[in-house]
Amino acid sequence: MEFMKYTFDVEKDDFVRAGEASSNIKRTLRELGIDSAIVRRIAIATYEAEMNIVIHSVGGQVELEIDPNSIKVTARDRGPGIPNIELAMQEGYSTASEKVREMGFGAGMGLPNMKKCTDRFTVESVYGEGTTITMEILLKAGD
Amino acid sequence: MKLRDICEKLNLKVAAGGNGLENDITGVYICDLLSWVMSHAQKGDAWITVMTHSNVIAVASLLELGCIIVPEGIEIDEDTIVKADEENIPVLSCSLSAYQLATAFNEMGIGK
């Protein structure tokens, strides 16, 4: 498998198209014959990251990078950024609006779910600038 | 069990995604918090939820769930129906409550 990279735009508040980036990423991985348990982990983590961009940011992108050793998903937004990452990482903590909670989002499980589903997980955020979440699943021979 | 047979037994109305009636239903999951569903529901599950906005289709499609069942006659958003047809996710509606559906599935031996 050679190095491959795909980028998908994610718009703020677009709940109709929300999930399309994750869907495209999942389809790409399945077409490459990646193990279905790994595809599920990536799909869950990517969906959470994508929904975070839709719900909390002014918009951004999700990027998929595949090489023989790993699958990496980077979710990058253009702001506003997370004031307190430690708090945001706590299961159950959420800053989602009432409207969004009524839709079944905002359970405060997004970031913890992403961390659980991936082998490497980092959040970098500068308040006023934006957030970058990097998630990686390592591949073994046969995956 | 085939979804088509479940629909007949429980008198479920097909609101969208009729192409998926041959799906094999292997479990049941009931929850309305999408992140919770995302991390706990399994491929082939019938997902019972009162959420009817179009993002439920994204969740069901990503997890390859067998169908979505909307209980208690709750109205389903038009764009959810359109998206369900696009993604081939069966969406069924009925007058039963989530609890009544769960007991009916249990009697059929699904989700044990």
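The second largest pocket holds about 240 Å³ of space, a volume being the space filled by probe spheres set on grid points joined across faces, edges and corners. This is a predicted model, in which local features need pLDDT of at least 70 and side-chain atom pairs count only at pLDDT 80 or more, while totals for chains, interfaces and linings use all residues. Residues are numbered from 1 along each chain as its sequence is written, chains are lettered from A and ligands numbered from 1 in the order in which they are written, and side-chain values use heavy atoms, with hydrogens and water left out.

**Second largest pocket**

- A pocket is found on a 1 Å grid over the protein atoms alone, as an open set of points where a 1.4 Å probe fits, with protein on both sides within 12 Å along at least five of seven lines, and its lining residues have an atom within 4 Å of a point.
- The lining of the second largest pocket draws on both chains, including A:K26, A:R30 and A:R40 from chain A and B:Q42, B:K43 and B:E64 from chain B.
- Two or more residues of this lining come from each of α1 and α2 of chain A and α3 (55–63) of chain B, where helices (H or I, at least four residues) and strands (E, at least two) are DSSP runs numbered from the N terminus.
- The largest share of this lining belongs to α2(A), with 4 residues.
- By class the lining of the second largest pocket has 5 nonpolar, 2 polar and 5 charged residues, with Ala, Val, Leu, Ile, Met, Phe, Trp, Tyr, Cys and Pro counted as nonpolar, Asp, Glu, Lys and Arg as charged, and the others, Gly among them, as polar.

**Largest pocket**

- The largest pocket holds about 590 Å³ of space, and of its 35 lining residues A:N52, A:H56, A:I82, A:T95 and A:L111 are the closest to its centre.
- Elements giving two or more residues to this lining are α2, β3 (70–77), α5 and β5 (130–138) of chain A together with α2 (34–40) of chain B, and α2(A) gives the most, with 8 residues.
- The lining of the largest pocket divides into 20 nonpolar, 12 polar and 3 charged residues.

**Interface of chain A and chain B**

- In chain A, 23 residues are in contact (heavy atoms within 4.5 Å) with 24 residues of chain B.
- The buried area, which is the accessible area (1.4 Å probe) that two parts lose on being put together, summed over both, is about 1800 Å² between these chains, and carbon and sulfur atoms give 53% of it.
- On the side of chain A, the residues that lose the most area to chain B are A:R40, A:Y47 and A:M109, together 29% of what that side buries.
- The interface has 2 salt bridges, each a side-chain nitrogen of Lys or Arg within 4 Å of a carboxyl oxygen of Asp or Glu, and one of the residue pairs joined by a salt bridge is A:K26 with B:E64 at 2.9 Å, N to O.

**Backbone features of chain A**

- The peptide bond from A:G79 to A:P80 is cis, with omega near 10 degrees, and A:P80 is in the loop between β3 and α3 (85–88) of chain A.
- A:D13, a residue other than glycine, has a positive phi near 60 degrees, and A:D13 is placed in the loop between β1 (4–10) and α1 of chain A.
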